[in-house]
Amino acid sequence: MTETAFDDTVVIEGGHVLTPDFEVREADVLIDRPAGVVLEVADDLDGGETLDATDSLVMPGLVNAHTHVAMTLLRGYADDKPLDSWLQEDIWPVEAELTPEDIRVGTELGLVEFITNGITGFADSYFEVPEIAAATEASGLRANLCHAFISVGKDDEGARADAQEGLDIAREFDGAADGRITTALMPHSLTTVETEYLEEFVPQAREAGVPLHFHANETENEVEPVVDEHGVRPLEYADDLGMLTDDDFLAHCVHVDETEIDLLAETGASVIHCPASNMKLASGIAPIQELLDAGVNVGLGTDGAASNNDLDLFDEIRDAAMLGKLARGDARDVAAESAVRMATEGSAAAIGLPVGELEAGGTADIAVVDFDAPHLTPVHDYVSHLAYAVRGSDVRHTICDGEILMEDREVQTLDEAAIRERASEHAADLIARAE
Ligand SMILES: CSC[C@H]1O[C@@H](n2cnc3c(O)ncnc32)[C@H](O)[C@@H]1O
Ligand SMILES: [Zn+2]
């Protein structure tokens, strides 16, 4: 093993550290910048560069396991509607007008928001993936990316071309940005992609070695048509098509029954819980504690900024814990530690990122949260605050793959002011074209 040059190291100094067993102890964290790994977690470490962590908690970076990052341009454009009419009457007509440049700018805005909220990895599904990949590479973040395809409303040629684009993109970008970008194949949902296209393209994803990422059982409207047409529950149908393996991750899973929960546990497929989106679109309450009790891996996602309406995953941690208690009227359900684990190791495992725990030898994907604030005083329990009181704006430094992406609230890799200005202009032009 090669020695790390002192100048290539960064020490995060003077803070408390959240360990993989969810203990919190005072320690410094030494990072090998070019290798992107944590060298040591111990007292009194020295490094070539120092990040101050006084009064702060050093923790694994959060992982947003289901989002459509460019939808920042549609934040606040259409609210207070259920999923189907929201998509059909508002979102899809505007998305038809999106240019690659719009998607680039919307993505950059979302990536700035991720970095400022301590998110170091994400799983995205949208269109114009080369633009999203280029912005991701420049930002320094890690991501699993995919082109979402839909067959309903298209002729056979159009449907096959869209699915083929999904597969081509998955093959082309897997391993991009020095391995920080991986890919998935995304059939949009079990009701918007017809059986023949799933039968044709899912096996090709397996051959290419890319996982599946899809919306599943988000609303009741996605359950009934599958039961009527195929005579089985949607996840039984997905399993019959070979769509549930331990590499695959399913967004939402709000309306799953016991048989489907057992199938998820048996196959090892992960669920990505998006509580804010589920509340806003009134989709329902996912049975998260039942999923966890059955042994299903659960991650957390914001979904797009048009159904959230921000990209602060600390909100999702809190929402998951709160909604998890309401689901069956039991305040013990989805406890603070469960919710924080979902946003870190649960999400990372779901989307296949080698991150989620902070320890020597592990990846240097880190968020440093400043606890020197009235709403975080006193500190009886750091994990309680992470679940119930911390906001994304409390994040002080963000590091991904050993690179400092934000230092003392200043984003280092992207030009925040310029991106915000361009995003506002592009959003206004987009809506003017669409209306
Ligand atoms: C799947 S990628 C892009 C496609 O999905 C739309 N979308 C955004 N949020 C949701 C959601 O919660 N359920 C289903 N589809 C969603 C997005 O607008 C794009 O058209
Ligand atoms: Zn979604």
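A salt bridge, defined as a side-chain nitrogen of Lys or Arg within 4 Å of a carboxyl oxygen of Asp or Glu, is formed between Arg233 and Glu260, with the closest N and O atoms 2.9 Å apart. Because Arg233 lies in the loop between helix 6 and helix 7 while Glu260 belongs to helix 8 (residues 258-267), the pair ties together parts that are 27 residues apart in sequence. Helices (H or I, at least four residues) and strands (E, at least two) are DSSP runs, numbered from the N terminus. Glu260 counts as buried, at 0% relative accessibility; buried means under 20% relative accessible area, exposed over 50%, and partly exposed in between (1.4 Å probe, protein chains only). Accessible areas come from the Shrake-Rupley method with a 1.4 Å probe, and for residues only the protein chains shown count as cover.

The structure is a predicted model, in which local features need pLDDT of at least 70 and side-chain atom pairs count only at pLDDT 80 or more, whereas totals for chains, interfaces and linings use all residues. Residues are numbered from 1 along each chain as its sequence is written, chains are lettered from A and ligands numbered from 1 in the order in which they are written, and side-chain values use heavy atoms, with hydrogens and water left out.

By the salt-bridge rule, the count comes to 26. One of these pairs is Glu49 with Arg33, whose closest N and O atoms are 2.4 Å apart. Glu49 is in strand 4 (residues 49-52) and Arg33 in the loop between strand 2 (24-32) and strand 3 (37-42), so this pair ties together parts that are 16 residues apart in sequence. Both partners are partly exposed, Glu49 with a relative accessible area of 26% and Arg33 with 30%. A further salt bridge joins the side chains of Asp248 and Arg206 at 2.7 Å, N to O. This pair links distant parts of the chain, 42 residues apart: Asp248 is in the loop between helix 7 (234-240) and strand 12 (249-252), and Arg206 is in helix 5. Asp248 is buried, with a relative accessible area of 0%, whereas Arg206 is partly exposed at 29% relative accessibility.

Acidic residues also form a negative surface patch, made up of Asp155, Asp156, Glu157, Glu194, Glu196, Glu199, Glu220, Glu224, Asp228 and Glu229. Two or more patch residues are given by each of helix 4 (156-173), helix 5 (195-208) and helix 6 (224-230), and helix 6 gives the most, with three residues. Patches are made of residues with over 30% relative accessible area and no salt bridge, like charges being joined within 9 Å and nonpolar side chains (Val, Leu, Ile, Met, Phe, Trp, Tyr) within 5 Å. Lys and Arg count as positive and Asp and Glu as negative, while His and the chain ends are not counted; the place of a charge is taken as NZ of Lys, CZ of Arg, CG of Asp or CD of Glu.

The C-alpha atoms of Gly153 and Val193, 40 residues apart along the chain, are separated by 9.8 Å.

A search of the whole structure finds zero disulfides, a disulfide being a pair of cysteine sulfur atoms within 2.5 Å. For Cys146, the closest cysteine sulfur is that of Cys274, at 13 Å, too far for a bond. For Cys400, the closest is that of Cys146, at 19 Å, again too far for a bond. Cys146 is buried, with a relative accessible area of 1%, and Cys400 is buried at 1% relative accessibility.

Several backbone features were also noted. Most residues other than glycine have a negative phi, and most peptide bonds are trans. The peptide bond from Asn308 to Asn309 is cis, with omega near 5°, and Asn309 is placed in the loop between strand 14 (298-300) and helix 11 (313-327). Thr377 and Pro378 are also joined by a cis peptide bond, with omega about -5°. Phi is positive for Glu128, near 55°, and for Asp408, near 45°. Glu128 is partly exposed, with a relative accessible area of 33%, and Asp408 is partly exposed at 41% relative accessibility.
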